[in-house]
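Have a look at the structure first.

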Amino acid sequence: MKLEIESTVSHDDAVIFSDLDNNIVMMNVENGEYYDFDEIASYIWRKLDEPIMIKQLCADLCDAFTVDAATCQADTLEFLDDLLGRKLIVTH
């Protein structure tokens, strides 16, 4: 399934994560993979605590970081598609 700007996503409750030095570190219990997110990826992950439409997430990102809307949407969709493929997020 390919995400779209109108898709709504949140993180999967089965993923264990923690905030370490303002960056998110996590482990997917299902496959044992470990992840360490940078500042922007950590910001996105925190926004996924509750279901959020990707369109709103991109608007929030544009407000918080210096990025144009088109680049933000493309990069965010690519990142979230990767997370979905790794079963770290779910769609609603």
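A quick word on terms: a residue is called buried under 20% relative accessible area, exposed over 50%, and partly exposed in between. Keep in mind, too, that this is a predicted model.

With those cut-offs, take Arg86: its relative accessibility is 34%, so Arg86 counts as partly exposed. Its side chain forms a salt bridge with Asp82, with 3.0 Å between the closest N and O atoms. Asp82 has a relative accessibility of 35%, so Asp82 also counts as partly exposed. There's a further member here: Glu33, Asp82 and Arg86 are linked in a network of salt bridges.

Which residues of α3 are buried? They are Cys72, Thr76, Leu77, Leu80, Asp81, Leu83 and Leu84. Because they cover an arc of only 160° around the axis, these residues end up on the same side of α3. Turn to the face pointing away from that buried side and you'll find the exposed residues Ala70, Glu78 and Gly85. And what covers the buried residues? The cover includes β1 (8-11), α1 (39-47), α2 (54-64) and β6 (89-91).

Now hop over to α2, where the buried residues are Ile54, Leu57, Cys58, Asp60 and Leu61. Seen down the axis of α2, they fall within an arc of 160°, so they line one face of the helix. That buried set packs against β1, α1, β5 (52-53) and α3.

Back to charges. Side chains of opposite charge can pair when their charged atoms come close. The count of salt bridges comes to six. One of the pairs joins the side chains of Asp81 and Lys2, at 3.4 Å from N to O. This pair links distant parts of the chain, with Asp81 in helix α3 and Lys2 in the segment before β1, 79 residues apart. What about the surroundings of the two partners? Asp81 has a relative accessible area of 17%, so it is buried, whereas Lys2, at 65%, is exposed.

Another pair brings together the side chains of Asp19 and Arg46, at 2.9 Å from N to O. It also links distant parts of the chain: Asp19 is in strand β2 and Arg46 in helix α1, 27 residues apart. Asp19 is partly exposed because its relative accessible area is 42%, and Arg46 counts as partly exposed at 31% relative accessibility.

Let's finish with the loops and the surface. Asp21 lies in the loop between β2 (15-20) and β3 (23-28), and Asn22 lies in the loop between β2 and β3 as well. What is phi of Asp21? It is near 55°, a positive value in a residue other than glycine. For Asn22, phi is near 70°, again positive in a residue other than glycine. Asp21 counts as exposed because its relative accessibility is 70%, and Asn22 counts as exposed at 63%.

Finally, there's a nonpolar patch on the surface formed by Ile16, Met27 and Val29, with about 280 Å² of accessible area together. Val29 is found in the loop between β3 and β4 (34-36).

Definitions and conventions:
Residues are numbered from 1 along each chain as its sequence is written. This is a predicted model: local features need pLDDT of at least 70, side-chain atom pairs count only at pLDDT 80 or more; totals for chains, interfaces and linings use all residues. Side-chain values use heavy atoms; hydrogens and water are left out. Helices (H or I, at least four residues) and strands (E, at least two) are DSSP runs, numbered from the N terminus. Buried means under 20% relative accessible area, exposed over 50%, partly exposed in between (1.4 Å probe, protein chains only). Patches are made of residues with over 30% relative accessible area and no salt bridge: like charges are joined within 9 Å, nonpolar side chains (Val, Leu, Ile, Met, Phe, Trp, Tyr) within 5 Å. Accessible areas come from the Shrake-Rupley method with a 1.4 Å probe; for residues, only the protein chains shown count as cover. A salt bridge is a side-chain nitrogen of Lys or Arg within 4 Å of a carboxyl oxygen of Asp or Glu. The arc is that of the directions from the helix axis to the C-beta atoms. Contact means heavy atoms within 4.5 Å.
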